[in-house]
Amino acid sequence: MPSCLGLYIENNLIKYAKMSRDHDNLRIDSFGIKFYDNINEAINMIVSETYSYKTPISVNISDEKYYYADLFSLLNKKDLEKAVDTEFDYFCNETKKNKKALEYRRLLIPNLENKDKITSLYIYSDKSNIAGKLQTLEKFRVSHIVPLPISIANLNRFIDKRGTLIINIEKNTSLTTLIDGQINKIDLIENGMKEIFDNITMKENSYAKAYEICKNSTIYTLQGRNLQVEENEYMEDIMPVLYKIIEQTKEVLNKNNTDIKEIYITGLATAINNIDLYFQENFPNKRCEILTPFFIDKGNVKLNIKDYIEVNSAISLALQGLNIGTKEVNFKNKGKMDQFNQFLTMDIGDKSNKKNKNRQNEKMPRENFTDKLKDMFRMDFSKSLDNIEKGMIRFSATVLILLIIYTAFTKVLINQINSKEIEVQSFIKDSETKINEISAKSKLVNERTQQYNSLIQKIDESSAKITEGYAKKRAIPNFLTQIMSNIPKEVQLTSISNTTGKTIKIETQSKEYEQLGYFIAKIKNEGILIDVTATSGIRQNEFIKVTIEGNLPY
């Protein structure tokens, strides 16, 4: 079960909280506040009391600063990292800071005003501050050095869409703004509990006593001041500082132009009773409450939740050490390339003898090739290494590291190729199965199509026969009806016969030849018969006889 000891260290006091994690279950094993005169003795005592000699320690960075820069969000990852570093170089040049003396980390956060840009939040501190922290904890296993205003967001899961402000009142005051549960802005206020403790300590001569006085102090709101039994002489040391913090918080909110719905108060100031009501009175349109760690059961009456809240800073640092929260802000770990470059440029051997050795080499005569070859393979670890040996070691180390990287990369690549090959084979097998299924269905469709075409052909033939029979059946009555309708009065029909198939023969007579011609034209034009032929007229007595032949139109 992993565990971590969170230490929040500031002037004269240390907050500590040792936490353990079992999957998603978090537990506080021990916690407390210790005032000290000797920081090393205090840390040794805390480590001893919490049995944390081999436990990773997560500690806050001191006196860090914050800086913001807007970058184009359309850059690829490599170019964006270059732009981040270039922007910090520009900042150092503009402010005349020595970049080599600074250590910085960055957070990339969305730019709410311009979607084409992304904001880089820089956290930087003097390397001497980090070295001082490591030196203080050199006997122990330090895993994280992180800025408290960022780790404090670990205490709750701000996953709603509302704007949230965390006011952490410790030695100084930090304002952490979160939008959609993500850190958006960090602002620092110089006023804090140090000012209150200093004022009370001037009267009581004890930081511990000043803390106890704050725990026993109660802020009465405007509505509840008539309930105040006796006047607290120390409120004149407390209230002016809290008033400054509230006024500066209002200025920050106006400057940031962020719609804040909830305000959470945490830090040493939560020892003062009713501080949340005091903030609520000054921010009536926002919900103000004390920040409680998300994993603490508020319904458990056996827990004194206020004691946990007083060490919120240490709890948030311990959570950071348990890999909960933002990973990019750990000042303990250097970048991989920095470690690699430092390894390649490290100086091996006794540096104190380097100058003397160079002087001796100047005075000594040149050795012959055989002696030099022997010396190259002679291993005398009591002597410092020369430049050739250092170069060989660096070259060997470089080759070894590249070989390890190549081997690891090759192994990963081969595993990926094998995995993809299995996927491809599975895909091919599945495709072949689908193709076989489609071929079988296609064959069945073709067979069905042939059957359907044969049936359609038979239906067409039957339909043609039926149509022809129907046409034949109706052709002659229709023909006779049309003849009756179109025959002139002066024309007589002597005979109508169906000689063969569709051929009709009509014998007519009339006294006038023109009437017969008119009748023949009617038969042609009205389509009563097709392919019409007629004989020339033969006069017999007073009548002219004509024979007309043609085919029925069906």
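Biologist: What order do the strands of the open sheet have?

Modeller: Strands here are DSSP runs of E with at least two residues, numbered from the N terminus, as are helices (H or I, at least four residues), and two strands pair if DSSP finds at least two bridges between them. In this predicted model, where local features need pLDDT of at least 70, side-chain atom pairs count only at pLDDT 80 or more, while totals for chains, interfaces and linings use all residues. The open sheet has five strands in the order β11-β10-β9-β12-β13, with mixed pairing. Because β11 (182-189) and β13 (287-290) stand at the edges with a single partner strand each, one side of each is left without a neighbour in the sheet. Residues are numbered from 1 along each chain as its sequence is written, and side-chain values use heavy atoms, leaving out hydrogens and water.

Biologist: How many bridges join β10 to β11?

Modeller: Seven bridges join β10 (residues 173-179) to β11, and the two run antiparallel; S174 stands opposite L188 in β11.

Biologist: Which aromatic pair is stacked?

Modeller: Rings of Phe, Tyr and Trp (its six-membered ring) pair if their centres lie within 6.5 Å, and planes under 30 degrees apart count as stacked, over 60 as edge-to-face and the rest as tilted. Y67 and F91 form a stacked pair, with 3.9 Å centre to centre and 20 degrees between the planes. Y67 lies in strand β5 (residues 65-72) and F91 in helix α2 (residues 77-95), so the pair ties together parts that are 24 residues apart in sequence.

Biologist: Which residues form one aromatic cluster with Y67 and F91?

Modeller: The cluster also includes F88, Y104, Y122 and Y124.
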